[in-house]
Amino acid sequence: MPDWLATLLISLLKAVLVVLGLLTTFAYMTLIERRLLGRMQLRPGPNRVGPMGLLQPAADAIKSIFKEDLTVTLADKLVYTLAPIVAIGMALTAFGGLPAGPAGSLFGENPWVYNLDTGILALLALTSMGVYGIFLGGWASGSKYPILGGLRSSAQMISYELGMGLSLLGLLMIVGTTSFHGIVGWQAQNGPMILFQSLGFVLFLISSFAETNRTPFDLPEAEQEIVAGYLTEYSAIKWALFQMAEYVNMITASAVMATLFFGGWKGPQFLNGLIPGISDWPLIWLIVKIAFFLFLFIWVRATLPRLRYDQLMRFGWKLVLPLALANTVMTAAFLAFRGSGGLWFLGVLSLAGVLALLVLSDRVRVLWNQSSIRPEGDIVRAGGD
Amino acid sequence: MRGGADAERRPTIEYANFVIMLLVALGIGIVAVLASALLGPKKASRTKLMAYESGNDPERGGVGTGQRFPVHFYLVAMLFIIFDIETAFFYPLAVAYQKLIPFAFFEAVTFVLLLLVGYVYILKKKVLEWA
């Protein structure tokens, strides 16, 4: 067997493993989410199928495969079938580029599927492609609610993609590379990026909530408002594929946040003093960090109400976008004219930025804007709050 | 700032790996759709295949029947293209920034200011107001 063929076969094996791993994680994420939501609402959640409900995901999967696969008469058949495949394909691919350990730590192989120098750009491109899956799905259903959901979704996702792209610029200026390995390496030497880019992190976190269509930004599938949005006409496995894509995007977003801002697969360095080498334990640290962010996603879902559409757009365009630009300029100014202060000064500036974000957000601003009664002319056809 | 692993790496192989990952991911989707199409029951009826409209006959539904939606969505998409190109221009500058300072700083600020003019214009035009 020639050398290159062996390399490609190993990559194929790793790709299949990553995909199967992600699908299993997705299945159990649905269970964990339901259990946790149950805990937060003082009820047990699914606990009948198997011990502690552990077989519930398998039951759900088998059910969705054996359900009837309907295509509405008015639908565009080809696009209708392709849309969920595009959504899941882009979601799964995005995960493969994230490093899960140092080179050669996976039984002598590299613990990632592909390692592009333009890692972040490839990731942003793939998330943009995910918009196509949802919008085309909504459009091809040929029905009203899916179109509404698809339009809302595309507008929301592209708006917050700007915030996502711009909030990373400060980080890139500091590190000087777009490869995930370079960023993890930099953080191993200088401490986690969250210390110096907390504003960038908060903006990225908000944007990734919007990108993955999770509450409080889950307007595309707002059940109480537009049935199930782009999912209304989907049944059986195609519906499950869209759900899968959403959860896989969530896992990817968590892993990206862990990699870019929390040191990736490297654990906290001071623990090395207690147990030598603990911060290099393969995979463990990454999984812990991903689990933390996934918990955060669920926690927020159980806590916050959904935003209205105009609030969502206002927040994205008038707060996230300018603050991301401000963060960029601030970091640029600091790097160009750093005086005696080290990077910690940038951390303080960033924290000030987070405070500004809090103070400027709608929830806080009303505290001193007392005019809660709107003038008559402002009450437009959208109805009340 | 390259690690030891990156030094011995061949870039073309990485792109091949990317394509493999993409194909496997799309393949999973195709297999799932096929499996469901083969295994599920097929007892469609006219009523069952109707679009959802709270039990009424859907009126004027369907792809390409000229459903109209607000122009706001179009405006947001255009603004996205403009600002996304800005981001695309900013990325190389950000990556090479530390080698180009302090000159790059003024360049970046000028660029941001030019875009802010456009941003203030769309704010004043109330493009971002959603009634």
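**Close-up views of a predicted model**

**View 1. Helices α12 and α13 of chain A.** Helix α12 (residues 309-336) of chain A and helix α13 (residues 343-360) of chain A cross at roughly 165 degrees, and their axes come within 11 Å. Here axes are lines fitted to C-alpha atoms, for helices over the stretch in contact, with angles from 0 to 180 degrees between N-to-C directions; helices are DSSP runs (H or I, at least four residues), numbered from the N terminus. α12(A) and α13(A) are therefore roughly antiparallel to each other (angles over 145 degrees). This is a predicted model, where local features need pLDDT of at least 70, side-chain atom pairs count only at pLDDT 80 or more, and totals for chains, interfaces and linings use all residues. Residues are numbered from 1 along each chain as its sequence is written, chains are lettered from A and ligands numbered from 1 in the order in which they are written, and side-chain values use heavy atoms, leaving out hydrogens and water.

**View 2. Helices α4 and α5 of chain A.** Helix α4 (residues 119-140) of chain A packs on helix α5 (residues 144-167) of chain A at about 170 degrees, with axes 7 Å apart. That makes α4(A) and α5(A) roughly antiparallel to each other. Contact (heavy atoms within 4.5 Å) involves residues including A:L124 and A:F135 of α4(A), plus A:I147 and A:M157 of α5(A).

**View 3. Where chain A meets chain B.** Chain A brings 95 residues to this contact and chain B brings 71 residues. Between them they bury about 7100 Å², 74% of it on carbon and sulfur atoms (accessible area, 1.4 Å probe, lost on being put together, summed over both).

Key:
Helix = DSSP H or I, 4+ residues; strand = E, 2+ residues; numbered from the N terminus. Parallel < 35°, antiparallel > 145°, perpendicular 65-115°, else oblique. Buried area = accessible area lost by both parts, 1.4 Å probe.
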